[in-house]
Amino acid sequence: MVVNSPNKEKDFDGNEQMLKEDVTRKSRGNEKKIFPTFFKQRRRYGKVRKLLSNRLRILTWIDRYNWQWFVNDFIAGVTLGLTIIPESIACALLAGLPARYGLCSAFVGSFIYLVCGSIDTVIMGPTSLVALVSVQFTVGKPIEFAFILTFLSGIVQLIMGCLGMGYVFEFISMPVIKAFSSATAILVMESQIKVLLGIKYLVAGLVESMKTLLSRYHEANYADFVMGLCAIIFLIIVESFEKFSKRSNINGVVRLLFRYLSFSRNTLIVVITAIISYIWLLHDYRTPYTLSKNALSGLPNVTLPQFTVETPEKTYTFWQILTELNVGVLVIPIIGVLTNISIGKLTPKGLVDTNQELLTVGLCNVAGSCVQSMPTSGAFTRYAISKACGLCTPLANLYSGVIVLLALSYLSPYFNFIPEATLAAILICSIFTLLDFKLPWRLWHESKRDFIVWLVCFVVCIVSGVEVGLFVSIIINVLHLLYLWARPEIAVKIQEIDDMQYICVTPGNAIYFPAINHLRDKVLKATAQAKQRIPVVIDCHKISGLDFTAAQGFVKLAGGLRHDTAEPDVALDSTSCQSDNRADSFAGDTLLILYRMQVHLQKLIDNAENLAFCESEEKIREFLTQASLRNGFINLKEHIRASIDLGYKIEIE
């Protein structure tokens with residue numbers, strides 16, 4: 001009930017507040033909060049909570065958690081848990097690891113991200129992108145190298161987060177991300193062709209992989225190919241159920257059934273093909289297609305990774321391991337966090353706390369290395385499923401992680417019945433969504449520069465590897481930004497005030513030392529092309545920054561505009577914008593006026609005889625009149641009238 005009040009402002013505020021509360025209650029489905037006690041104590045522990053919530057992001061939403069959110073998160077978490085199991089196994093095989101280690105990578109990170117994660121729709125676990133890049137640095141090496149790479153990646157991410165280096169990722173533009181993703185999709189699909197054909201080899205790089213495949217194509221197993229092809233067809237058909245479920249003329253229960261069948265397609269194909277394999281082995285000692293192996297049961301031991309690796313051929317010390325991993329300890333952390341940032345930018349707000357993501361993903365990798373995990377991050381495929389399931393908070397990571405733990409505890413032996421061709425089909429269908437060739441077509445028509453960046457990144461990623469392509473693209477973007485910094489947009493045109501002409505120069509942004517010579521060249525060329533000596537007005541309202549070198553460049557520009565080499569005896573007062581009454585002090589010089597420059601930037605510029613500052617158009621008119629009087633561009637009558645208006649004494653001989 002609204003209480004009438006004589007104060008209309010208070011009454012309006014009260015009604016508005018009640019309306020907001022009513023909308024909030026409706027949006028939450030009139031559900032009660034699950035953690036009301038914590039919510040009531042928020043004021044009491046406000047300062048402590050604010051301090052902790054900067055890092056423990058669960059504190060920012062747990063006190064608002066309600067039963068509607070719980071239902072949505074539970075459904076999304078269970079669906080994602082069933083999806084991440086076959087994906088994790090497939091990613092492990094892609095990285096050259098036994099299937100077990102894919103599952104070991106899919107639960108610790110989920111529990112940590114639940115507490116510290118800042119992006120609701122990120123579900124931590126192994127990804128085909130990170131697995132593909134990881135294998136470039138661990139191929140042909142002992143399995144312990146993968147766990148050490150995970151540990152070192154986490155350490156690098158933690159260091160970057162603590163140093164606040166999240167701004168580095170701002171140098172990665174959208175064309176680079178899209179080219180990087182498309183190239184990765186092609187590389188992943190190519191790497192799974194050999195699995196579909198039943199050919200066994202593990203090499204790094206697209207060129208070497210294609211050479212090996214072409215030289216060994218005669219070893220192809222048609223049973224693997226048929227199994228993989230059938231799995232791909234099944235996944236495509238079941239994926240189309242989601243579009244079918246959106247039709248309004250279908251029963252609601254049927255729509256819901258088709259929807260969750262589509263989300264669970266990876267789990268369904270794994271179960272179906274595993275059952276086929278099990279039945280086949282009941283009648284024969286082996287299947288005609290290859291099965292995944294080394295899926296041992298039981299939970300992993302919690303221990304730090306071994307920093308000294310002993311093999312029959314060689315013993316690797318920590319420094320030798322670091323040398324072997326090479327730039328992988330920098331590439332893997334960047335790619336992992338880049339995936340999370342890209343997912344975060346797809347959310348409605350599109351804002352990501354990059355430093356928090358660095359710290360969180362770093363903790364996930366460091367903790368994961370203690371349970372034999374490969375490097376982890378979010379995944380676009382899991383993001384799509386979480387969005388479709390209506391995920392509300394990172395609590396879905398909890399349910400997903402629990403399902404993976406149960407699978408590790410009780411289902412691991414049954415993973416030996418999964419055909420490798422089925423896992424390859426899952427990777428191919430999952431990664432296919434990352435292919436995006438609509439963007440380069442649009443860039444070709446709208447932004448040739450961005451198209452070139454996309455093309456370079458895509459080609460280099462395909463030919464030399466995604467890690468090389470990513471760094472080359474970053475360098476290109478940085479060089480372009482430096483070029484824009486050194487060559488800012490500068491507009492030069494002739495303008496008039498009361499029939500008095502002047503050269504108006506408008507820089508587009510801040511002027512620092514790489515750009516000052518460019519500005520000086522523009523101004524000097526403009527004055528040289530002018531038919532007569534007219535003042536130069538630089539409109540500085542867009543100049544937000546200025547360094548010492550650039551400030552001195554303005555003084556040198558004033559000197560370059562002077563035609564009289566005599567030393568100045570009287571200078572303008574640059575702070576008061578007052579004109580010098582003695583017109584002879586500018587005799588023979590082209591006047592340089594800095595218009596609308598911020599006062600704190602004016603202090604960096606030394607006084608010069610033909611340099612003046614002003615803040616209004618009226619002052620510009622005054623300076624132009626003085627210059628016209630000195631240069632004889634107005635007749636005697638106008639000369640006298642202008643002098644009287646400005647308060648100057650005219651001596652006529």
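C364 counts as buried, at 2% relative accessibility (buried means under 20% relative accessible area, exposed over 50%, and partly exposed in between, with a 1.4 Å probe and protein chains only). C364 is in no disulfide, and the nearest cysteine sulfur, that of C116, is 7.7 Å away (a disulfide is a pair of cysteine sulfur atoms within 2.5 Å). Keep in mind that this is a predicted model, where local features need pLDDT of at least 70 and side-chain atom pairs count only at pLDDT 80 or more, while totals for chains, interfaces and linings use all residues. Residues are numbered from 1 along each chain as its sequence is written, and side-chain values use heavy atoms, with hydrogens and water left out.

**The chain overall**

- The protein chain comes to 28 helices and seven strands (these are DSSP runs numbered from the N terminus, with helices being H or I of at least four residues and strands E of at least two).
- Of its 653 residues, 49% count as buried.
- Take the contacts in the protein chain with a separation of 6 or more: 77% of them come from residues 24 or more positions apart (contact means heavy atoms within 4.5 Å).

**More on cysteines**

- The structure holds zero disulfides.
- C457 has its closest cysteine sulfur in C461, but at 4.0 Å that is too far for a bond.
- C457 counts as buried too, with a relative accessibility of 0%.

**Helix pairs**

Two packed helices are described by the angle between their axes and the distance between the axes. Here, axes are lines fitted to C-alpha atoms, for helices over the stretch in contact, and angles run from 0 to 180 degrees between N-to-C directions.

- Helix α8 (residues 144-162) and helix α16 (residues 328-345) have axes that come within 8 Å and cross at roughly 70 degrees. That makes α8 roughly perpendicular to α16 (under 35 degrees counts as roughly parallel, over 145 as roughly antiparallel, 65 to 115 as roughly perpendicular, and the rest as oblique).
- On the α8 side, the meeting residues are L149, L152, S153, V156 and Q157, and on the α16 side they are G328, V329, L330, I332, P333 and V337. By class, this contact of α8 with α16 has eight nonpolar, three polar and no charged residues (Ala, Val, Leu, Ile, Met, Phe, Trp, Tyr, Cys and Pro count as nonpolar, Asp, Glu, Lys and Arg as charged, and the others, Gly among them, as polar).
- Helix α11 (residues 222-239) and helix α14 (residues 265-283) cross at roughly 145 degrees, with axes that come within 10 Å. Their crossing is right-handed.
- M227, A231, F234, L235, V238 and E239 of α11 make this contact with R265, N266, L268, I269, I272 and T273 of α14. The residues of the α11 and α14 contact divide into eight nonpolar, two polar and two charged.
- Helix α7 (residues 128-138) packs against helix α9 (residues 174-196) at an angle of about 70 degrees, with their axes 10 Å apart. The two are therefore roughly perpendicular to each other.
- S128, L129 and L132 come from α7 in this contact, while F180, T184, L187 and V188 come from α9. That gives five nonpolar, two polar and no charged residues for α7 with α9.

**Two buried helix residues**

- V133 sits in helix α7 and is buried, with a relative accessible area of 0%.
- Leaving aside neighbours within four places in sequence, V133 is in contact with V331, I332, I335, V466 and E467. V133 and E467 are 334 residues apart along the chain, yet their C-alpha atoms are separated by 7.2 Å.
- S369 belongs to helix α17 (residues 354-369) and is buried, at a relative accessible area of 2%.
- Not counting residues up to four places away in sequence, S369 touches F147, T150, F151, T303 and P305.

**Positive phi in loops**

Most residues other than glycine have a negative phi.

- N326 has a positive phi of about 55 degrees although it is not a glycine. You'll find N326 in the loop between α15 (318-325) and α16.
- Q372, also a residue other than glycine, has a positive phi near 60 degrees.
- Q372 lies in the loop between α17 and α18 (380-388) and counts as partly exposed, at 25% relative accessibility.

Notes: Left-handed = near helix turned anticlockwise from the far one by under 90°.
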